[in-house]
Amino acid sequence: MAFGQHMVTNGASYKLLRNLGMLDDRAVNFNRSDSFDIIRAKASDFMRKQFERNERAYNLRSRQVSYEVGQEVFRGNFRQSNFEQGYNAKLAPTFVKARIRRKLGNYYYELEDLQGRSLGNYHAKDIRQA
């Protein structure tokens with residue numbers, strides 16, 4: 001006996017217990033569609049809770065930024081090391097000064113250097129305020 005109930009130790013005894021009517025302890029019997037509705041509701045509730053947990057973790061360090069055209073910013077420096085040129089990226093600055101040329105979408109900006117040459121498109125996560 002475990003927790004006030006008899007424990008079935010052999011799977012073959014389920015058939016005998018069912019025939020004797022001792023296995024149906026539930027007061028309410030559900031049909032198949034009701035069981036699926038209950039499972040579906042529990043699954044959707046679990047997925048909603050997990051989504052909220054993931055959203056909190058993702059948004060923990062995210063930030064809402066918007067840069068104006070002409071604003072000076074720092075862009076991420078993604079240049080690779082080059083042995084032939086004697087350039088070591090590990091010793092280079094992480095961010096380089098740039099200027100916003102135009103806004104391309106919610107998070108993408110076209111940048112130019114301080115002399116006016118185009119540097120390409122950058123995501124807001126790779127841009128810091130000057």
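Author: Gladly! A residue is buried under 20% relative accessible area, exposed over 50%, and partly exposed in between. In this predicted model, Arg101 has 31% relative accessibility, so it counts as partly exposed.

Reader: And why is Glu112 called buried?

Author: Glu112 comes out at 13% relative accessibility, and the limit for buried is under 20%. Glu112 therefore counts as buried.

Reader: What makes Glu112 and Arg101 a salt bridge?

Author: The N to O distance between their side chains is 2.8 Å, and the criterion asks for a Lys or Arg nitrogen within 4 Å of a carboxyl oxygen of Asp or Glu. The pair therefore meets that definition. Glu112 lies in strand β3 and Arg101 in strand β2, so the bridge ties together parts eleven residues apart in sequence. Both residues also belong to a network of salt bridges, which includes Glu72 and Lys97.

Reader: Why is β3 described as largely enclosed?

Author: Four of its five residues are buried, so the rest of the structure largely encloses strand β3.

Reader: What makes Arg48 and Glu52 a salt bridge?

Author: Their side chains come to 3.3 Å, N to O, and the limit is within 4 Å. Arg48 and Glu52 are four residues apart in helix α2, which means about one helical turn separates them.

Definitions and conventions
Residues are numbered from 1 along each chain as its sequence is written. This is a predicted model: local features need pLDDT of at least 70, side-chain atom pairs count only at pLDDT 80 or more; totals for chains, interfaces and linings use all residues. Side-chain values use heavy atoms; hydrogens and water are left out. Buried means under 20% relative accessible area, exposed over 50%, partly exposed in between (1.4 Å probe, protein chains only). Helices (H or I, at least four residues) and strands (E, at least two) are DSSP runs, numbered from the N terminus.
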